[in-house]
Every structure is written in structure tokens, then in C-alpha cells.
Amino acid sequence: MVGRTALITGATAGIGAAFARRLAADGLALVLVARDEARLSTLARELRSRHGVDVEVLAADLADDAGCASVEARVADQRNPIDVLVNNAGLGLRGSVLRNPVEQEEHLLRLNVRAVLRLAHAALPGMTERGAGAIINVASVAAFTPMTGSTYPASKAWVVNFSESIDLLVRPRGVRVLALCPGLVRTEFHERAGITTDAMPQRLWLDAGWLVDRALRDLERGRRVSIPSLRYRALVSFLRYAPRRLVYRMSSSARKRTRRED
């Protein structure tokens, strides 16, 4: 694995915690970022005890100006450089844009898009100067299809396009950027958003630890987009090439099955 210190956002649970455990096992020092300082501290103690690595805790809300700025400053600190940045923090919303207050929609964009941009922008100058580093931006297979009335897939489509574009720029300078596009993963994500998952097929669910292993493997292989599991790669290929009218119909049907009514 490239690097000596990794900073992971949204590190207290799910994919973020899985990245923390895997990278600590690989011997990297960690900077863990999330809003809940108590949960961060608990995870930090676990990782220090189990793997003997240095773990720094940084409690911050990345959707907040001051919180995002504090993490940017840590990422840009060349005295203690960040070699691997994992932009994992993100959220979804249950309702459509017709029901959600615009402040909630803007909050989603500040976390899913703005924070990714700002932290990558803070990390890249040092990485390119050193000629080494990696950024993993957690997107979603939802990036490849519209979801009726939802801002979420648009935010993740931006993450994929941004990651690919930046990788084209910085790879010749020794830095790699990967967009990780998971499907359904057993985390707190859906519960926090109030999204019902009862109707989602069990065979589509992925384990967060398994997902992280595949993402790091794809990073080492030089891929720009990682879509773990054959079933999701097949789904994304279908979504890319299927007639848009069919994709729209499927999106509308999926919304009804998960009872995310307007």
C-alpha cells in the first residue's frame, strides 16, 4: 500500500471504519475524521491496541465551514503529510427534492461534493510535489443512473467524473485517484437516511471489509474506477448502454419498491 499516513473521513462506521482497520493492519498511521469524537476515540484505542499504529482523532463536521477548514488544514500540513486520503463521508436523503427543505439538499452537496473537492485540493499539492500519494473518493453505483427525484446520484456522478479527471492530471506526477463505487453495503447509511431496505435483494448486499480489500487491490492495479463484485459491474455496464427510457422506467419502479414516495 502506498504511503505512511492515511486520513479517512466518516471513519466511525461502515466503509470508513473498514478502511481504518485495513490500513492500520497494513501498518499505516491514521487520522480519523468524523463528527462523533467519542466513537472516534473508541475506534482509535482499538486500532492502537491491536496494530500498534499512531492514530490521531479529528472531530469535525465536513458540511460546516469551520469543520471542513480544520480538516483541510490537517491534510495540507506538510510537516505531517497525508499520503493516502480516503474521502468516505457522505449522506443520502429519504425524500425527493419536492419534499426536502432546500437546506437539506444543500447540506448533502456540501458533504458529498464540496468536502471531496476541498480535501482533494488541499492534499494534491503536497502529493504531487513529493511524487507519491493516493486519493480514494467513495462514490456509488447510483452515480450511473438517475433515481427519481434524488440529488444523491448526481452528487456521486460528480465524484466519479472528478476522480477520473483529476487522476488524468496527477498520475504522471506519481499520484493516483480512485473512485470507489459500491452498491448496497451493510452500514449505517440507509438507517441514518431513513431509507427502507426490506425490499432490497439479499444477494446484492456487500461486506464493507471485502469491499475495501477490492478497492485497494484496484488502486494498486491502477484503475480509476472500482466497482467491486461482478454483479455490480454487470449492472453498471447495462445502465451505461441500455436505452435511457428503460433506465428511467427501472428507476421509477425501484423507488416504489423501497417506498420512497414523494
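**The sheet and its surroundings**

Modeller: Start with S6: 6 of the 6 residues of S6 are buried, so the strand is largely enclosed by the rest of the structure. Buried means under 20% relative accessible area, exposed over 50%, and partly exposed in between, with a 1.4 Å probe and protein chains only. This is a predicted model: local features need pLDDT of at least 70, side-chain atom pairs count only at pLDDT 80 or more, and totals for chains, interfaces and linings use all residues. Residues are numbered from 1 along each chain as its sequence is written, and side-chain values use heavy atoms, with hydrogens and water left out.

Colleague: Which residues of S6 point one way, and which the other way?

Modeller: Both sets are buried. Arg 176, Leu 178 and Leu 180 point one way. The other way point Val 175, Val 177 and Ala 179.

Colleague: How many helices and strands does the chain have?

Modeller: Helices (H or I, at least four residues) and strands (E, at least two) are DSSP runs, numbered from the N terminus. By that count the chain has 9 strands and 9 helices.

Colleague: In what order do the strands form the open sheet?

Modeller: Two strands pair if DSSP finds at least two bridges between them. Here 7 strands take part, and the pairing is parallel. S3 (55–59) and S9 (225–226) stand at the edges with a single partner strand each, so one side of each has no neighbour in the sheet. The order is S3-S2-S1-S4-S5-S6-S9.

Colleague: What is the bridge partner of Ile 135 in S6?

Modeller: S5 and S6 pair in the parallel sense over 6 bridges. S6 also pairs with S9, over 2 bridges, where Leu 180 has Ser 226 as its partner. For Ile 135, the partner in S6 is Val 177.

Colleague: At about what angle does H1 run to S1?

Modeller: H1 (residues 14–25) lies across S1, S2, S4, S5 and S6. Axes are lines fitted to C-alpha atoms, for helices over the stretch in contact (heavy atoms within 4.5 Å). Angles run from 0 to 180 degrees between N-to-C directions. For H1 and S1 the angle is about 170 degrees.

Colleague: What is the bridge partner of Ile 8 in S2?

Modeller: S1 (residues 5–9) and S2 (residues 29–34) pair in the parallel sense over 5 bridges. The partner of Ile 8 is in contact with Ala 20, Leu 40 and Val 57, among others. That partner is Leu 32.

Colleague: How many degrees lie between the planes of Trp 158 and Phe 162?

Modeller: Rings of Phe, Tyr and Trp (its six-membered ring) pair if their centres lie within 6.5 Å; planes under 30 degrees apart count as stacked, over 60 as edge-to-face and the rest as tilted. The structure holds 1 aromatic pair. Both residues lie in H5 (residues 152–170), 4 residues apart. The pair is stacked, at 4.6 Å centre to centre and 10 degrees.

Note on methods: Lists of a residue's contacts leave out its neighbours within four places in sequence.
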